[in-house]
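I opened this entry to record what I looked up in the complex, beginning with the contact between the chains and then turning to single residues in loops.

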Amino acid sequence: MRNADDEQHYFRTLASLLQDDHLRRRILFGTDSWMLRMDMTESVYWEYYRRHLSREDFERIASLAPREFLGFPGTDGGALRPNLERHVRYLDANRDAFGAAPAGWFQEITGAVSATKRDPADWSQWAPAVRCTYRMCKQYMSSAQVRGGYRANRTTRLSELTYYRPRDPNFGLLVDTLALNLVGCSEDQGAPFREQWTRPHAVERVKSALEDGTMQLVELAGLLDSIFRFEEPLV
Amino acid sequence: MMRHGTRPGWRAPAITLLLLAAAAPAAAQVACPAGQDAVSLGPTYIDDVDGGRALGAAGAAVWCSAGYDTRPRFPRVRYSGMQAKAIVPFSRLSLPQNLEASAWIGYTLALTERAPDTGGLLDEAESAFLFDYGALAVGGRVQYESSTDFAEQAVLGGIEVRWVNPHWRLAPSTVLTLNAVRPVSSETRDTLGVDPAVHGRLGVRGYWLAPLGRWLELEVDAAYFFGFGMDDVVADAGLDQGAFIATDLGLVVDWPVGGVRLERIFVGYAHGQQPTDGQERKAWTLGARFGTRR
């Protein structure tokens with residue numbers, strides 16, 4: 001806050017409200033944080049409150065009260081509230097349809113064990129940009145890279161693929177071929193170009209990345225996502 | 001470098017350069033240069049290292065067009081371009097190759113066909129290609145060159161065919177070139193009584209890159225060239241044919257060294273003759289390659 005008096009008044013009032021047994025269960029940290037993101041990042045917002053509140057008060061509004069609000073048992077134990085019980089039953093019944101590993105609290109409550117690992121949001125195999133990147137580049141992977149699987153190759157650098165042989169007199173052909181297929185694969189998905197992108201610009205931008213070689217596959221997928229308006233964009 | 005000229009300065013090397021232009025090794029792929037279309041013009045100070053000095057202007061204009069066709073079966077690129085370069089001294093001064101105009105056209109064809117994405121887990125998906133035989137390129141270039149006073153003029157032409165498939169380890173990345181020079185006028189040749197016939201060179205180059213286990217890789221670069229219609233003086237210098245091979249055994253590493261990374265340590269051996277050199281030479285090399293990777 002810009003005014004020190006306002007700041008003192010705000011935190012003094014908040015501290016007194018948190019002394020009230022009834023009110024302190026209804027004060028949740030961060031419920032209006034989206035508005036403040038225009039002015040600061042989450043970490044700044046988080047640190048600001050940690051610095052100005054006691055440890056107990058911060059724990060109360062940032063952890064205990066939200067848990068209680070969502071229907072989780074308190075620190076002294078107890079049962080799930082009916083709303084959360086219903087949600088757990090629904091999730092449990094549809095466990096196979098998640099497509100990703102359930103959250104830790106769900107596994108803890110239900111005893112569910114999932115071998116599935118969650119895909120990073122920027123490397124989801126259901127995102128067209130990722131599918132094109134992986135499918136087109138896979139032919140240039142070593143057998144060890146292929147054995148590592150799609151997830152392990154998220155951070156594989158382009159220079160680690162077999163097309164990357166800059167001393168080959170035909171390196172330019174290899175780059176042309178891969179760039180055409182990367183852009184072509186994206187077009188095959190029916191995705192239109194984003195504003196200001198055309199096919200020549202797209203191919204040349206991808207060629208530039210392929211020639212440079214320092215980009216990771218996840219970054220290449222991000223590049224395609226920035227060129228094409230896919231139905232399922234990357235986060 | 002041999003001198004045949006009748007004038008001081010760069011005249012004689014200019015002729016030599018024109019002769020050797022046909023002998024150049026496999027040129028870069030016929031494609032659009034980085035930056036593509038550009039026009040430049042600026043003042044230049046010229047010193048011909050033989051006492052001649054002049055102010056002049058240097059200019060260049062490049063136009064290049066690339067047409068990208070991303071169709072699933074045989075995606076392709078068409079390159080076509082033109083370039084003109086000139087260095088014009090404001091006073092009389094002979095310079096080699098100070099006026100050039102060239103045009104080129106090239107096609108790159110990916111010998112692939114993409115398979116449709118049928119969905120499913122990526123690790124269980126079938127190949128993304130119905131076939132993949134690498135990439136093929138054909139290209140051609142014609143060039144006109146002249147000295148400042150138009151006393152030496154020549155037309156050069158060349159075609160090239162390239163093919164590469166990194167999936168076939170034993171098959172070399174291949175370049176075939178055919179270059180020829182047709183002198184249009186040459187006072188020097190007239191003085192020497194040399195026939196201004198077409199002369200040229202056929203070149204073939206193969207490149208292999210073979211990984212040997214996880215850390216080692218072997219590179220082999222071999223080339224052979226054969227000249228035809230060359231002047232005796234050039235043939236006598238041993239520039240009419242020759243072979244060259246270079247091998248390189250590299251240890252692939254990725255070690256941080258200060259702010260850069262050591263990427264490769266290699267030992268190499270080269271033996272043979274480059275088209276622009278009449279002598280057979282051999283050399284051992286030991287080196288390291290550094291990069292600025294993130």
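**Interface.** I started with the area buried between chain B and chain A, which comes to about 3,900 Å², with carbon and sulfur atoms giving 50% of it. I kept in mind throughout that this is a predicted model. For the residues involved, I found 47 of chain B in contact with 41 of chain A.

I then looked up the charged pairs and noted a count of four salt bridges between chain B and chain A. One of them joins Asp188(A) to Arg114(B), where the closest N and O atoms are 2.8 Å apart. The rule for polar contacts finds 24 residue pairs across the interface of chain B and chain A, both residues being at pLDDT 80 or more.

Next I asked which elements of chain B supply at least two residues each to the side that touches chain A, and the list I wrote down was S2 (53-69), S3 (76-89), S4 (99-114), S5 (129-146), S6 (152-164), S7 (173-186), S8 (199-212) and S10 (241-257), each of them a strand. S5(B) gives the most to that side, with five residues. Sorted by class, the side of chain B that touches chain A has 23 nonpolar, 10 polar and 14 charged residues.

**Asn98(B).** I placed this residue in the loop between S3 and S4 of chain B. Is Asn98(B) buried or exposed? I recorded it as buried, because its relative accessible area of 4% falls under the 20% cut-off. Leaving aside neighbours within four places in sequence, Asn98(B) is in contact with Lys85(B), Ala86(B) and Ile87(B), and also with Ser146(B), Ser147(B) and Thr148(B). I also checked Phe150(B), which is 52 residues from Asn98(B) along the chain, and the C-alpha atoms of the two are separated by 9.9 Å.

**Ser124(A).** In chain A I looked at the loop between helix H6 (104-110) and helix H7 (128-138), where Ser124(A) is found. Ser124(A) counts as buried at 15% relative accessibility, and, not counting residues up to four places away in sequence, it touches Asp119(A), Val130(A) and Tyr150(A).

**Positive phi.** Most residues other than glycine have a negative phi, so I noted the exceptions that I came across. Gln196(A) has a phi near 70°; it sits in the loop between helix H9 (171-188) and helix H10 (199-212) of chain A, and is exposed, with a relative accessible area of 78%. Phe74(B) has a positive phi of about 55°; its place is in the loop between S2 and S3 of chain B, and at 24% relative accessibility it counts as partly exposed.

Conventions
Residues numbered from 1 in each chain as written. Chains lettered and ligands numbered in written order. Predicted model: local features only at pLDDT ≥ 70, side-chain atom pairs only at ≥ 80, totals over all residues. Heavy atoms only, no water. Contact = heavy atoms within 4.5 Å. Buried area = accessible area lost by both parts, 1.4 Å probe. Salt bridge = Lys/Arg side-chain N within 4 Å of Asp/Glu carboxyl O. Polar contact = N/O pair within 3.5 Å; in protein donor to acceptor, adjacent residues only side chain to side chain. Helix = DSSP H or I, 4+ residues; strand = E, 2+ residues; numbered from the N terminus. Nonpolar A, V, L, I, M, F, W, Y, C, P; charged D, E, K, R; others polar. Buried < 20%, exposed > 50% of the residue type's maximum accessible area, 1.4 Å probe, protein only.
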